[in-house]
Structures are given as C-alpha cells and as structure tokens.
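Take each one step by step, and check the solution once you have had a look yourself.

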Amino acid sequence: MRLKLLRFQPRVEYLPGKYMHIADLLSRQCLGDHVEDDPEMTEVVHEVTKYIPMSETIKADLIKETALDPGLSAVMKYCREGWPLTKNKIEPEAKPYWQIRMDIFVEDNLIILEDRIIVPVKLRKPVLKKLHTAHLGIDKTKARARQSLYWPGMSNDITNFIKECRACERHSANNYREPLIPHEIPSLRFQKVGVDILNFDSKDYLVLEDYLSKWLEVKPLPSKSSKAVIDALRSIFATHGNPQQIFGDNNPLNSSECHEFARSIECDIKTSSPEYARSNGLAEKGVHIAKQMLKKCKDDGTHILDALKEYNNTPLTGLTVSPAQILMSRACRTVIPTLKKHLEPKVVLVKALLKKLQDKVKAQHDLRARRKPVTFQQGDDVVVRRGKKWQKGKIVRRLSENRSYVINLLGGGQLRRNTWHIKHSKTKPDRVDAGGNQIVLDAEEMLANLKANDSVTRNPRNPLCNFVPAACRTVDEHSATYVSIWSTNYSE
Ligand SMILES: [Zn+2]
C-alpha cells in the first residue's frame with residue numbers, strides 16, 4: 001500500500017459525512033470478489049529483497065528459522081490471510097509485532113519491516129555476535145543493526161550483549177568523575193596536615209601543607225626511608241606542634257615505623273588509595289608549588305628557603321591574608337619593605353571563607369561529574385583498572401576512608417583502590433593459562449558459553465527476547481552451523 005502511494009502526494013481534508021453521499025454509499029458496499037495483486041506493483045515490492053546482499057546459505061537459514069519461529073510463522077500467516085481485528089485474538093508469540101503490523105510484509109518467505117529483515121529468535125545471538133565483530137560501542141552497534149535488521153527488544157539485547165563482552169570491558173575507558181567529597185576544613189591551625197614526597201634534580205624533599213592556613217614546608221630528605229621522613233616531620237613539629245592528623249600517600253606513611261611515630265605523638269595517619277593521588281589533593285598541590293619554586297630557584301640561584309618564606313607571606317588566592325597571617329597571626333618580616341603595623345599580631349579567622357571557596361570549587365567540579373556516587377557490597381563482581389586494562393576481581397570490604405575498597409583479584413592477589421578505579425562487572429571471568437596469560441576462546445567455546453547462558457530471561461515482559469528458546473536448546477548442530485555461517489558468509 002505504501003509503495004503504491006509513493007507516487008502521490010495525498011492531501012487529507014476533513015469532510016462531514018452528510019456531504020459524502022457517494023463515498024458513504026460505496027463504502028458500505030464491499031466487493032466480494034477476490035482481488036489479485038497488481039503484477040507491476042508486485043515487481044516493485046520484489047525489488048526490496050531481490051538485491052539483498054546476502055549469500056543463499058544465509059537466506060536459506062533465515063527462511064528456515066522464520067518458518068520454525070512461532071511468532072514469525074504466525075506473523076507470516078497474518079500477513080497472507082489478514083490480521084485479526086483485535087490484539088487479543090492473535091497468537092501470544094506474535095503480540096510484539098502487533099504495533100508494527102501495518103509496516104510488515106512478507107517477501108520471498110522472509111518477513112520485512114519497511115526495509116529491515118526481521119530476525120527469528122534462533123538467529124539473534126549469532127547476529128549479535130556478528131554485529132559486534134568490530135567491538136564498537138553500544139550506540140554505534142545499534143545504529144549498524146537498525147540499518148538492516150529488526151526484532152522486538154533488539155536495542156536491549158544489543159546493550160546486554162555488549163555489557164557482557166569481556167574484551168570491551170577489559171579495554172574500556174576510564175570512569176567518569178564522581179561528585180567531589182571535600183576534606184573537612186579543620187578548626188585549628190596545624191590540626192591536619194598533608195604530606196607528600198617530591199623528587200627534583202635527583203633529590204628528595206618532604207612537602208607538608210597545613211589544611212587550614214595552607215602554610216607550606218619543604219624539607220630536603222637524605223633518602224625516602226621512614227627514618228628520614230620521621231626526622232623531617234619531627235623537625236617541623238618542633239616549630240609548630242603536633243598535628244592531630246597527617247594525610248598522605250601510602251609510601252612511606254603506611255610503614256610500621258611511621259605509624260609508631262604517629263602514635264608516640266598522639267596523631268593519626270590517614271592514607272589515600274594507591275594510584276589515586278587526587279584524594280591527597282592539598283599535598284599534591286603543595287608538591288606542584290614546591291617543584292615550580294625549586295625549578296625557578298635553581299635557574300636564578302635563589303635559595304629555596306628564601307623563596308618559601310616569601311610564598312608563606314603572600315596572600316592566598318581568593319583571600320587577602322597569607323599563610324603566615326593565618327597560622328602565626330602575624331606577617332613575618334622579609335626583604336620586602338613594610339610598615340611596623342603590618343608586623344603586629346592580629347588573629348585572622350578564615351574557616352568560613354575557606355568553606356565558601358571550597359563549596360565554589362565543589363560546585364564547579366560537580367558540573368563535570370557525570371558518574372553518580374557508586375558503592376560496592378562485599379562479594380560484588382567488579383573490574384579494577386590496572387595500567388590501561390580492567391582486571392576482574394571481587395570486593396572484599398570497604399575501608400573507613402571515603403570510596404576506598406579492598407579487592408581480591410581473580411588471578412590472585414589483593415589490592416586497595418578508590419571507586420575511580422572500580423566498576424561493576426557483568427562479564428564472565430577471564431581464563432588464564434599457567435603463565436597467567438589470557439586464553440582467547442575459539443568459536444566452539446564461545447558457542448558453549450552462549451548455550452550455558454540461554455536459560456537467562458532478559459526481558460520477562462517479552463519472552464521473545466530470550467536469545468535461544470528452550471525448545472531449541474537440544475539442537476546442537478544447528479547452533480554450531482549458524483555460528484560458522486554467520487561469522488564467515490554474511491556480507492556487510
Ligand atoms: Zn566487545
């Protein structure tokens with residue numbers, strides 16, 4: 001009908017029944033004769049499938065499975081003999097096709113929806129596999145499928161199929177950012193400090209920054225050993241007193257010597273997740289500032305401690321006071337000429353202002369945070385970012401620190417990571433050989449995996465979306481044939 005109407009540009013106008021004398025009369029006088037198809041139009045319709053670029057073998061498979069498919073065989077019958085007047089009179093398996101019945105036609109024993117072939121249930125899984133040959137993303141694969149194929153629930157099936165593809169998961173992109181969880185601003189000066197180690201020009205330095213005043217300390221280290229780090233910390237604390245909390249990276253703060261030292265001065269050590277330096281942002285920023293200073297001082301021969309003194313006496317960005325004014329309630333005398341009144345003590349309260357600045361930073365960050373806060377439960381199947389790949393693992397427990405989890409890797413070993421490096425996983429575990437190398441599955445093994453999966457009901461409201469109907473599960477030779485046919489002969 002649609003093809004027949006293509007050459008017209010119909011204009012529809014409403015005309016009340018009382019003015020439609022002739023049409024009204026004839027519409028009630030239906031012709032009883034059988035109407036033959038217009039041979040010319042049949043030829044046009046045949047053109048749709050005449051040049052489908054697919055091999056005879058695949059076409060034969062499609063025809064055979066379409067005839068065996070309970071839903072599609074019913075649809076074929078309705079296309080030929082006419083659809084029942086109401087949906088509840090059709091075969092249950094044909095119900096998903098009710099909405100689109102006006103656009104379906106049968107051609108060459110295939111069922112076509114406009115210009116797309118309707119794939120029978122039995123062939124959907126091999127087709128999905130073929131569609132995903134290039135391991136393209138969900139949207140691209142859907143677009144590719146929509147060009148020429150159709151089945152009810154195709155979109156969902158493609159999404160699920162790709163979510164279960166281990167190759168795609170293994171090489172998937174980084175997580176999006178989650179909303180920022182800012183460090184709590186301490187009430188007291190030197191209550192909480194961030195610590196990190198900086199290497200510049202083959203020398204190590206301990207960098208420490210106070211979370212309230214942003215006072216920066218840079219101490220050269222003879223080595224990265226725990227003893228050297230403790231000595232540097234002790235010398236800083238001799239001037240400013242003991243902090244209540246030291247926040248830093250695992251290395252070296254997580255050593256037993258550092259914990260012992262912290263206990264001796266009644267202080268807690270908190271460490272950030274490995275490979276997630278962002279959570280130790282303040283010390284990271286301190287390291288960046290110190291490194292820039294060291295580079296420039298080396299260039300013009302200034303002593304790093306002279307530069308550091310100026311830094312600590314320069315107003316902070318967004319504030320009118322310097323770290324020295326916040327921490328010591330006075331400006332320190334430096335080589336910059338200044339009036340006496342500026343050196344007199346004056347307590348500066350900045351917590352409220354810092355909180356305001358922090359909220360602003362969080363709002364800006366969260367605008368770009370596209371990942372909702374994610375939590376994991378003990379025993380959850382996950383993948384963990386290792387280098388550029390995602391490795392399978394299971395959640396062991398959550399640590400008290402924000403977003404930090406301990407994970408058992410499936411290949412052996414345990415590690416701690418931030419949620420930035422963890423994703424939920426739906427794929428099957430990798431198979432590895434004795435040397436730990438991944439075994440690539442061949443077609444037969446993949447087929448076995450597919451069969452093991454076929455009892456899974458993907459969409460309970462639409463049983464047709466099961467990949468392989470229970471009735472077909474025993475027909476092994478069919479499945480084996482289809483995988484090889486669809487993976488070699490189907491021309492794209
Ligand atoms: Zn893939």
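A crossing of two helices is called right-handed if the near helix is turned clockwise from the far one by less than a right angle, and left-handed if anticlockwise. Keep in mind that this is a predicted model.

**Exercise 1.** Describe how helix H10 packs with helix H12.

*Solution.* Two packed helices are described by the angle between their axes and the distance between the axes.

- Step 1: H10 spans residues 226-240 and H12 spans residues 256-264; their axes lie 9 Å apart, at an angle of about 25°.
- Step 2: Angles under 35 degrees count as roughly parallel, so H10 is roughly parallel to H12.
- Step 3: Now for the hand: the crossing of H10 with H12 is right-handed.
- Step 4: H10 contributes Ser226, Lys227, Val229 and Ile230 to the contact, while H12 brings Glu257, Cys258 and Phe261.
- Step 5: Sorted by type, the residues of this contact between H10 and H12 are four nonpolar, two charged and one polar.

**Exercise 2.** Work out the strand order of the open sheet of five strands, and find its edges.

*Solution.* 

- Step 1: Reading across the sheet gives E13-E12-E11-E10-E14, and the pairing is antiparallel.
- Step 2: Strands E13 (414-418) and E14 (422-424) each pair on one side only, which makes them the edge strands.
- Step 3: From one strand to the next, the twist averages 45°.
- Step 4: Look at one pair in detail: E12, residues 404-409, is joined to E13 by five bridges in the antiparallel sense.

Terms used: Residues numbered from 1 in each chain as written. Predicted model: local features only at pLDDT ≥ 70, side-chain atom pairs only at ≥ 80, totals over all residues. Pairing = 2+ DSSP bridges. Helix = DSSP H or I, 4+ residues; strand = E, 2+ residues; numbered from the N terminus. Axes fitted to C-alpha atoms, helices over the stretch in contact; angles between N-to-C directions. Parallel < 35°, antiparallel > 145°, perpendicular 65-115°, else oblique. Contact = placed C-beta atoms within 7 Å. Nonpolar A, V, L, I, M, F, W, Y, C, P; charged D, E, K, R; others polar.
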